[in-house]
Amino acid sequence: MSDIPIIPDSLHVPKSKDDDFYLLGAGCSICGYVCFPPKLVCVKCLRDDSMKRIKLSPFGILETFAVMQIAPPGFTAPYIIGYVKLDKGPLVFTLITQCEARNGALEIGEKMELVIEKIGDDKNGNDIVGWKFRPAKKSNDETSLHRWRRPT
Ligand SMILES: [Zn+2]
């Protein structure tokens with residue numbers, strides 16, 4: 001699965017059946033600051049030798065969101081963007097999926113979970129895959145992190 005087209009250095013791609021997708025952040029070994037996407041320098045204590053890559057939780061709380069009524073090229077309106085505060089981790093700016101794109105479809109403070117989905121197509125028509133979040137209460141179908149599969 002190493003040829004999945006993803007944004008580099010921000011998403012761990014499973015190497016085996018026992019492995020899983022997860023977001024890669026960075027955490028400061030001195031002050032505990034955690035960020036996503038990963039940074040090389042700690043913006044809290046300004047050390048340049050303390051940031052280590054860490055596995056981030058696939059769960060978090062919806063901090064805020066907006067229903068976008070106008071879409072840039074490659075997107076279809078309406079769609080939802082938001083900030084999810086991960087468990088023991090940073091705020092993640094993300095697309096939100098698997099819920100109706102309308103005001104009132106989500107609640108601030110709602111539990112969210114990571115999902116891997118197609119985001120768009122590259123210029124050759126290949127899938128571009130990345131992370132999104134969805135309401136966790138709607139997660140009773142198959143394991144969310146394995147929903148996306150490369151077309152065969
Ligand atoms: Zn620090």
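Biologist: Happy to start with a single residue. Why is L46 called exposed?

Modeller: This is a predicted model, and the label comes from a count. L46 has 11 other C-beta atoms within 10 Å. The cut-off for exposed is 12 or fewer, so L46 with its 11 counts as exposed.

Biologist: Why does K88 count as partly exposed?

Modeller: K88 has 13 C-beta neighbours inside 10 Å. Exposed needs 12 or fewer and buried needs 20 or more, so 13 falls in between and K88 is partly exposed. K88 also has a positive phi, about 55°, and is not a glycine. You will find K88 in the loop between strand 6 and strand 7 (91-96).

Biologist: What makes the peptide bond between A77 and P78 stand out?

Modeller: That bond is cis, with omega about -5°. P78 belongs to the loop between strand 5 (59-68) and strand 6 (79-86). A cis peptide bond also joins F36 and P37, again with omega of about -5°. P37 lies in the loop between strand 3 (34-35) and strand 4 (51-55).

Biologist: Is P78 exposed, partly exposed or buried, and what decides that?

Modeller: P78 has 14 other C-beta atoms within 10 Å. With 12 or fewer it would be exposed and with 20 or more it would be buried, so P78 is partly exposed.

Biologist: How do you know which residues P78 touches?

Modeller: A contact means C-beta atoms within 7 Å. Leaving out residues up to four places away in sequence, P78 touches V67, M68, Q69, A101 and R102. As for E100, 22 residues along the chain from P78, the two C-alpha atoms are 9.1 Å apart.

Biologist: What makes strand 8 and strand 9 a pair?

Modeller: Pairing takes at least two bridges. Strand 8 (residues 111-121) and strand 9 (residues 127-135) share nine, in the antiparallel sense, so they pair. One of those links sets D121 against D127 in strand 9. Five residues lie between the strands of this hairpin, and G125 has a positive phi near 85° there.

Biologist: How do you know that strand 5 pairs with strand 8?

Modeller: The same test applies: at least two bridges are needed. Three bridges join strand 5 to strand 8, so the pair qualifies, and the two run antiparallel. F59 stands opposite E113 in strand 8. Strand 5 is also joined to strand 6, by eight bridges and again antiparallel, with G60 opposite L86 in strand 6.

Biologist: What secondary structure does the chain have overall?

Modeller: The chain has zero helices and nine strands. Of its 152 residues, 24% count as buried. Among contacts between residues at least 6 apart in sequence, 47% join residues at least 24 apart.

Biologist: How confident is the predictor in the chain?

Modeller: The mean pLDDT is 85, and 84% of the residues reach 70 or more. Residues 146-152 are a stretch with pLDDT below 50. Beyond near neighbours in sequence, that stretch has nine contacts in the model.

Notes
Residues are numbered from 1 along each chain as its sequence is written. This is a predicted model: local features need pLDDT of at least 70, side-chain atom pairs count only at pLDDT 80 or more; totals for chains, interfaces and linings use all residues. Helices (H or I, at least four residues) and strands (E, at least two) are DSSP runs, numbered from the N terminus. Two residues are in contact if their C-beta atoms, placed from the backbone, lie within 7 Å. pLDDT is the predictor's confidence in each residue, from 0 to 100.
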